[in-house]
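Let's walk through this one together, starting with a pair of helices and moving on from there. Keep the viewer open as you read.

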Amino acid sequence: MKKVQDHYFKKAKKQGFPARSVYKLEEVQKKHKLLKSGQTVMDLGAFPGSWSKYAAGVVGPKGLVVAVDIQKPGVIADNVCILQQDVYDLKASNLRRISPHFDVMLSDMAPKTTGRKDVDHFRSVALAERALDLAGELLKPGGTLFCKIFQGKDFPSFRDKCRESFSSVRVIKPKSSRPESVEIFLLCTDKKIAHRAASGSNG
Ligand SMILES: C[S@@+](CC[C@H](N)C(=O)[O-])C[C@H]1O[C@@H](n2cnc3c(N)ncnc32)[C@H](O)[C@@H]1O
């Protein structure tokens, strides 16, 4: 992950968060209140752990955050369960043993960038699709998906797929997301009861 030592980087260090990305989630939380006390949250692409740490603070001791990443973050908080796994290998049935359903799914997943915009875009779309499939299997009706994706050719069709599954889909570029970054976020709220069949269902 490229480290930019700007205002947000320094602020994160001072506040004990391992990455500046925490302020993207904080900004959206302040405006849209997607996380609430007592909720069960899945955080996909959780390393090094800023979003999980922030979410754990909001959901509190009665809530739970399941943090998934290929890379293993250190201990984040008592109410964070860490799964070191590739998201493509995750089985919904195993996750249901941790919690039968989730209130919120976060995905800040990003592919290792290659420098080729189209390749990076398609890999990011694949990760976002995987998050949407897992949301279909594990999010409860009324649940929320907050998901990163790199902008590009397939962004509109991904946004439309989200619209099939959620009553509201907002496109958000947080202030702390560097303007030159192609990343953008979708805040999908109120998951519909009849979610589309998950294309990559494995569980
Ligand atoms: C931008 S970082 C996440 C930062 C994190 N939200 C935080 O605040 O600390 C993106 C993460 O996505 C993870 N990732 C990429 N592909 C993945 C996959 N197939 N399965 C699980 N995690 C993946 C990477 O390992 C990386 O840690």
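A crossing counts as left-handed if the near helix is turned anticlockwise from the far one by less than a right angle, and as right-handed if clockwise. What you're looking at is a predicted model, where local features need pLDDT of at least 70, side-chain atom pairs count only at pLDDT 80 or more, and totals for chains, interfaces and linings use all residues. Residues are numbered from 1 along each chain as its sequence is written.

Helices (H or I, at least four residues) and strands (E, at least two) are DSSP runs, numbered from the N terminus. H2 passes H3 in a right-handed crossing. On H2 the contact uses Val-22, Leu-25, Glu-26 and Gln-29, and on H3 it uses Ser-50, Trp-51, Tyr-54 and Val-58; contact here means C-beta atoms, placed from the backbone, within 7 Å.

Now for the ligand. Of the 24 residues around the ligand, Gly-45, Phe-47, Ser-50, Val-87 and Asp-108 come nearest, and being near takes a C-beta atom, placed from the backbone, within 6 Å of the molecule. Helix H3 (50–59) and strand E2 (64–69) are the elements that give two or more residues to this shell.

Finally, find Gln-85 in the loop between strand E3 (80–84) and helix H4 (92–98). Leaving out residues up to four places away in sequence, Gln-85 touches Val-68 and Leu-90. Why is Gln-85 partly exposed? Because 15 other C-beta atoms lie within 10 Å of Gln-85, while buried takes 20 or more, exposed 12 or fewer, and partly exposed is in between, with C-beta atoms placed from the backbone.

Definitions and conventions. Contact = placed C-beta atoms within 7 Å.
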